[in-house]
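Please read the report below alongside the sequence and the 3D view. Each heading covers one topic.

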Amino acid sequence: MAVTIADLIAQRESIKNKRKERYDLETSIGTITVKQPTIKLIEETLRIEGGGRQSDIELIYESVVDPNLKDKDLQQAYGCTAPSDIVPMLFQTGEIGAISSAIPAAAAACHASSCVSAFVPIMFVKISPCMS
């Protein structure tokens with residue numbers, strides 16, 4: 001049976017809270033925690049001049065919550081000239097696209113089937129709900 005307006009109204013808080021969930025992704029540097037990107041963030045990254053790799057870098061930079069990629073000490077330790085420079089300094093070249101693809105996929109996979117591992121290009125990314 002299709003979802004009804006009454007169902008959607010009753011689920012309002014639950015649906016709203018799902019947007020705030022965090023997900024863990026296994027990467028070459030270890031486990032990172034990401035937040036679900038907003039539609040606005042995805043649209044903004046898709047409009048970045050040059051697209052592709054730079055869009056992936058910006059999506060990762062804005063979506064990773066742990067470790068805090070925006071930490072000034074971290075950026076200084078790696079010699080970043082622009083804040084998002086930290087992303088290619090931490091992650092392997094082929095991994096950047098995979099992580100970028102896994103960020104929105106994490107939320108979809110976790111909501112669709114109680115969190116499953118998802119295959120994304122270049123690498124296998126294990127997705128699990130963040131317990132913290």
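## Salt bridges

Arg12 and Glu13 are joined by a salt bridge between their side chains, with 2.8 Å from N to O. A salt bridge here is a side-chain nitrogen of Lys or Arg within 4 Å of a carboxyl oxygen of Asp or Glu. Glu13 is partly exposed, at 42% relative accessibility.

The structure contains two salt bridges. Glu62 and Lys70 form one of them, and their closest N and O atoms are 3.0 Å apart. Lys70 is partly exposed at 35% relative accessibility, and Glu62 is partly exposed at 27%.

## Basis of the model

This is a predicted model, in which local features need pLDDT of at least 70 and side-chain atom pairs count only at pLDDT 80 or more, while totals for chains, interfaces and linings use all residues. Residues are numbered from 1 along each chain as its sequence is written, and side-chain values use heavy atoms, with hydrogens and water left out.

The pLDDT, which is the predictor's confidence in each residue from 0 to 100, averages 82 over the chain, and 78% of the residues score at least 70. Residues 111-124 have a pLDDT below 50, and this stretch has 32 contacts in the model beyond near neighbours in sequence. A contact means heavy atoms within 4.5 Å.

## Overall layout

The chain has seven helices and six strands. Helices (H or I, at least four residues) and strands (E, at least two) are DSSP runs, numbered from the N terminus. From that end, the order of elements is α-α-β-β-α-α-β-α-α-α-β-β-β.

Of the 132 residues in the chain, 34% are buried. Among contacts between residues at least 6 apart in sequence, 54% join residues at least 24 apart.

## The nonpolar core

Which residues have the most contacts inside the largest nonpolar core? They are Ile60, Leu69, Val87 and Phe91, in a core of 18 residues. At least two residues of this core come from each of strand E1 (22-27), strand E2 (30-35), H4, helix H6 (86-90) and helix H7 (93-113). H7 gives the most, with four residues. Such a core is a set of buried Ala, Val, Leu, Ile, Met, Phe, Trp, Tyr and Cys residues joined through side-chain atoms within 4.5 Å.

Leaving out residues up to four places away in sequence, Val87 touches Ile57, Ile60, Tyr61, Leu69 and Ile96.

Ser63 belongs to helix H4 (residues 52-63). Is Ser63 buried or exposed? Ser63 has a relative accessible area of 0%, so this residue counts as buried. Apart from neighbours within four places in sequence, Ser63 is in contact with Thr33, Val34, Lys35, Pro37, Leu41 and Ile103.

Thr45 sits in helix H3 (residues 39-46) and is buried, with a relative accessible area of 6%. Not counting residues up to four places away in sequence, Thr45 touches Ser55, Glu58 and Leu59.

## The surface

The chain exposes about 8000 Å², of which carbon and sulfur atoms supply 55%. Accessible areas come from the Shrake-Rupley method with a 1.4 Å probe; for residues, only the protein chains shown count as cover.

Val3, Ile5, Leu8, Ile9 and Ile15 make up a nonpolar surface patch with about 470 Å² of accessible area together. Patches consist of residues with over 30% relative accessible area and no salt bridge; like charges are joined within 9 Å, and nonpolar side chains (Val, Leu, Ile, Met, Phe, Trp, Tyr) within 5 Å. Helix H1 (residues 5-10) supplies the largest share of the nonpolar patch, three residues, while Val3 lies in the segment before H1.

Technical notes. Buried means under 20% relative accessible area, exposed over 50%, partly exposed in between (1.4 Å probe, protein chains only).
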